[in-house]
Amino acid sequence: MEAANDPARKTHGKVLRSNTGWMLDPVAWAKRASATRLLTEQTDRIASALTRAGVNVTRDGDVTLISAVTGIVETMASYRACRFLPTIAARDRRPMVNGLKLFMTGHENSRFFRYAVMTCAEPVPAFGDLRKTIQNLSRRITRWANYIKKSKEKRGGGYDVKVLFRGIEFTRATAAERDDAARARGQTSNLADRFGADTVLYHVHANVIYWPTRNIGAVWPDFLRDTHRFMKAEWRDNGKVEKVEEIVKYCSKPNDTLAASDDELVWLYHQTQKLKICQPLGDFKVWMKTLEDRKEKVVSVHQGRGNGFLERVKKGKRERPVDEDDEAGDEDAAFEGVDPPEKPEQKKRSETGEASPPANIVIGLSLPQWRHSPWAEPMIMVQHYDPLRLSEEATCDIAAWKAKAREWWDDAFAPPPEEALRVARMAMDEAMSDEDIREAAEAACYILDTCRPTVPTGTPNQLDEYEIGNEDELEDDLKSVVRLFEGAIVVKEIPYDLSADQRREYEAWQQGIWMQTQRDRMLKRVPEMAAHYDRVRRRMAALGGDCREAA
C-alpha cells in the first residue's frame, strides 16, 4: 500500500541500473518477441493501407534505437495517435494496466472490485456513425456512474457504488457471422435479413470496473434491474476482477482490422480520431492524476532472482549521463520519452544554401527492454540518426551511455553480449527444445568474456592459468551444453600458489579491490591485536593457564 500511495522512492536512474541485465525465461521471451514482431508487422500493413487510401499516420520525426549493450541499431517508425494501430494500442495500454494493477494493490477494498460488460443494443454497419455510438455509450456510463454512487437517502436509486474504469471495444463481423454465433449460443438473431448477409457490422461494448462501497446484497436484484433500465442496453456482471489484462484491451482486434478494406480503414480512422477509448474514472482517475502531478510513472522494478514488482518511479530529466556517486546522479541520469528536445540545434546551411535538418539528436536512455535477447538492456534514443553525420558531441554521448550501460550489465552478471544474442537466436529457432534453450541461457552467464572493459586482464594471456581439458572427461549433461557453443573449449583451473602476487593477479578486479581493502584494514590492526594477545597471555599466566577465564 505504501508503494502504491506514497511518493516515489526510486528515480529513473536507479531503475536503469537495477533493471539492466534482468533475465527472462528464454522460452517465454521467445513467445513474447514473436508476439511483438507480429504486432509490428500488423501495424506496418495497416499503416500502408491507410497511406494508399490517402491518410498518412506516420510522423516525420523518426527515432532510432541503439542497443546500449549489444549495439544493434534499429530504426522505428513513429505513428500518430491512431488508436486501432496495434503498436499504438499496446503503447497506450501498458501504463493503464500497470497503473490499475498498482492502484488495486494499494487499495484496501480492491477485493470487492467487480467487472461488467455493457453492450450497445444495435450494431453499426461499416461507414455508419460509429463515432456517435461510442460517444453515446461513454456518456451513458458517465451518467450511470453518477447515478449509482449516491446514497438512497440523497437520491432514489443510488447504491453507493463507484465506477473506476471504462474501456471501449468494438468487434467486426458480417451479419451472417453474427447470426450464426447467436444461434450457437441458443439465441435468435435476424441481422442478415435486416442489413444483408455480407454487410460488415461493428458492435460496440465497454468493459467497466465498479466498486460497491457497502454490502448491497439485499438490493442486488434492484441494482441489476435499474442498471439495465438506465443503460438501455445489454449488460452483464462478470464477478470480481481477477486479471486486469482481460479488462484493459485493444479497442479492436488486430486481425479484425487487417480484414478491413482500405476505404473501411479510412472511415475507421476518422470515426475514432481523438476519442477517449480507455479512461480512468472516480478514485482511480484521482490516483492517476497524482502520478501526473508528481511527475511519476508506474514501472516494473527488478528485485533480484528474476522477480519484479510494480512501483511508482520518479521520471528523470534530460541530462547527460553522470556518475552514480554524484549527488544528482539518480535524478539527472536519464529520462523516458521520444519527444525531441524543446530547443533543437540550429539548422546548418549546406553548400547549396539550403537548410539541412539537425541530425543525430541524442534524446536519452530508455528503461531496459528485452528487444533483442532475454536480458534487458537500455536503448539509446537518437532522432534523425545519420551515421555519416555523427558529430563529436553526439558520438561522445552515445559512447558515454554505452559505457555506463555496460557497467550496469556486468554488475548484474549478465553474459557477454555476443552470447546473449546467440541464446536469443537459439530461442527463436523452432527446432531447438525448451530444455536445450534454458541450458544454453544458464551456461552463457558463466562464459568468460576477455573483452569486457571491467576485466583488466583481458589479454591473449588470460587463459595462462588454465589448461586445455578433454571433452570426454565431462559428464553427459555438460557435454550437451558445450556442444551448443561453436568454438567453445574446455579448460581446467591449474592449482596456483597462494602468494600475494599471484593471488592479486588471479582475482577479478572487484574482488581484488575488496580483498586489498581487507588486508590494509588488518595491517592497521596488527599492533592493536598484538597488544591484545599479549594481555591475554599475561592474564593466562596470572590465572594459572585457565584459557576460558582469561578469554
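Glu 435 lies in helix H15, which spans residues 434–444, helices being DSSP runs of H or I with at least four residues, numbered from the N terminus. The model is a predicted one, in which local features need pLDDT of at least 70 and side-chain atom pairs count only at pLDDT 80 or more, while totals for chains, interfaces and linings use all residues. Residues are numbered from 1 along each chain as its sequence is written, and side-chain values use heavy atoms, with hydrogens and water left out.

Glu 435 counts as exposed because its relative accessibility is 52%, where exposed means over 50% relative accessible area, buried under 20% and partly exposed in between (1.4 Å probe, protein chains only). Together with Asp 434, Glu 439 and Glu 442, Glu 435 forms a negative surface patch; the residues of such a patch have over 30% relative accessible area and no salt bridge, and like charges are joined within 9 Å.

## Salt bridges within helices

The count of salt bridges comes to 22, each being a side-chain nitrogen of Lys or Arg within 4 Å of a carboxyl oxygen of Asp or Glu. In helix H6 (residues 175–184), Arg 183 and Asp 180 are three residues apart and therefore separated by about one helical turn, and their closest N and O atoms are 2.5 Å apart. Asp 180 is partly exposed, at 44% relative accessibility.

Helix H8 (residues 220–231) holds Arg 225 and Asp 222, likewise three residues apart, whose side chains meet in a salt bridge at 2.3 Å, N to O. Arg 225 is partly exposed at 44%, and Asp 222 is partly exposed at 29%. In helix H13 (residues 392–411), about one helical turn separates Glu 407 from Lys 404, and their salt bridge has an N to O distance of 3.9 Å; Glu 407 is partly exposed at 33%, whereas Lys 404 is buried at 10%. Elsewhere, Arg 83, Arg 91 and Asp 92 are linked in a network of salt bridges.

## Cysteines

The count of disulfides is zero, a disulfide being a pair of cysteine sulfur atoms within 2.5 Å. The cysteine sulfur closest to that of Cys 251 belongs to Cys 278 and is 7.9 Å away, so the two are too far apart for a bond. Cys 251 is buried, at 4% relative accessibility, and Cys 120 is buried at 5%.

## A buried phenylalanine

Phe 284 belongs to helix H11 (residues 282–293) and is buried, with a relative accessible area of 0%. Phe 284 and Leu 100 are 184 residues apart in sequence, but 7.6 Å apart in space, C-alpha to C-alpha.

Key:
Patches are made of residues with over 30% relative accessible area and no salt bridge: like charges are joined within 9 Å, nonpolar side chains (Val, Leu, Ile, Met, Phe, Trp, Tyr) within 5 Å. Accessible areas come from the Shrake-Rupley method with a 1.4 Å probe; for residues, only the protein chains shown count as cover. Lys and Arg count as positive and Asp and Glu as negative; His and the chain ends are not counted. The place of a charge is taken as NZ of Lys, CZ of Arg, CG of Asp or CD of Glu. Helices (H or I, at least four residues) and strands (E, at least two) are DSSP runs, numbered from the N terminus.
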